[in-house]
Amino acid sequence: TAFNPWLFEAHPRLAARQMFLQALTTQVLAGVKLEDICLCDNFYTPHLSPGADYWLSEMVAELAELVDVFGTPLISGKDSSAGSVETPEGVISVPPAVFISALGKVPDAAKLLPNEWQSPGNLLVRIWARCNSAAGTAAARHLHIDANDVDTIGPNDHLKNLQVLESARQLGTSIRSGAPVGVGGTLATVVRGALASGYGVELDEPDSEGVVDYFQEHRCGAIIEVPAGRDFFDGLMDLPHVADIFNSPQHPWSFSPIGRITDRP
């Protein structure tokens, strides 16, 4: 599933795109082919809020375009259309939003990629498009940052990302584990990995900008575990679609080692 009400509060259509892409990223990272993924939607419409119908139609249009790009159908859904309530203090409304669920099928569930880190000494690498805006982040809520500039992720660019990842997973490239970057950003994802595996991690020492980066929520990206050395990186360059990505200066490709797994808890 993928849902972030704070992001929808900032920009419903772009938030719907990010949630759709996040759900697909999670499935493909686990080892599901794009052609074997379907999705469901549950819209929330603040019916007493000005512009509610506009944003509902915008999100529907966005999802229709995304289905056309990725070929992953929305097979069911509903509209929770009573998202406003009258109170003595005035009307209270939920943000216009859509909750995305994704379902995938695989020949052998035992071959799905684990979330837990597998071995000390392996590298942790963050992949794909960056979401630099503070909009919808846990850090923004904690620090009371008012941000509404939701990052625009290009669907066709992200399709190439997923095609590369799908090739890597199907060809058995040496990805040992992986987790999508979610609430709390890179740092929270690393903490969850430590709790799940019992291993620790030595994060690369960032500059001042890098510290901020650890709290940015790169929702359409993931953190993967790969063996140290060049084998994984050299193998990556042989995968289909990689050349297209690296030869395009407009493509927001990011492939950044962030640290190393340790045997300390």
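Mentor: Let's start with a word we need: a residue is buried if its relative accessible area is under 20%, exposed if over 50% and partly exposed in between, using a 1.4 Å probe and protein chains only. This is a predicted model, where local features need pLDDT of at least 70, side-chain atom pairs count only at pLDDT 80 or more, and totals for chains, interfaces and linings use all residues. Residues are numbered from 1 along each chain as its sequence is written, and side-chain values use heavy atoms, leaving out hydrogens and water.

Trainee: Which residues of H6 are called buried?

Mentor: Gly-185, Thr-186, Ala-188, Thr-189, Val-190, Gly-193 and Ser-197 of H6 are buried, so each has under 20% relative accessible area.

Trainee: Why is H6 called a helix?

Mentor: A helix is a DSSP run (H or I) of at least four residues, and a strand is an E run of at least two, both numbered from the N terminus. H6 covers residues 185-197, 13 residues in total, so it passes that limit.

Trainee: What makes S6 and S10 a pair?

Mentor: Two strands pair if DSSP finds at least two bridges between them. S6 and S10 (residues 255-262) share five bridges, in the antiparallel sense, so they qualify. Val-125 has Pro-257 in S10 as its bridge partner, and Ile-127 has Phe-255 there.

Trainee: And which strand order does the sheet have?

Mentor: The open sheet has five strands, ordered S7-S9-S6-S10-S8, with antiparallel pairing. S7 (177-180) and S8 are its edge strands, because each pairs on one side only. S8 (residues 200-203) joins S10 over four bridges, and Val-201 has Ile-261 as its partner in S10.

Trainee: What makes a group of residues a nonpolar core?

Mentor: A nonpolar core is a set of buried Ala, Val, Leu, Ile, Met, Phe, Trp, Tyr and Cys residues joined through side-chain atoms within 4.5 Å. The largest one has 47 residues, and Phe-8, Phe-20, Leu-24, Leu-63, Phe-70 and Val-98 touch the most other members. H2 gives the largest share of this core, ten residues. Apart from this core lies another, of seven residues, among them Val-181, Ile-223, Ile-258 and Ile-261.

How values were computed. Expected span 1.5 Å × (residues − 1).
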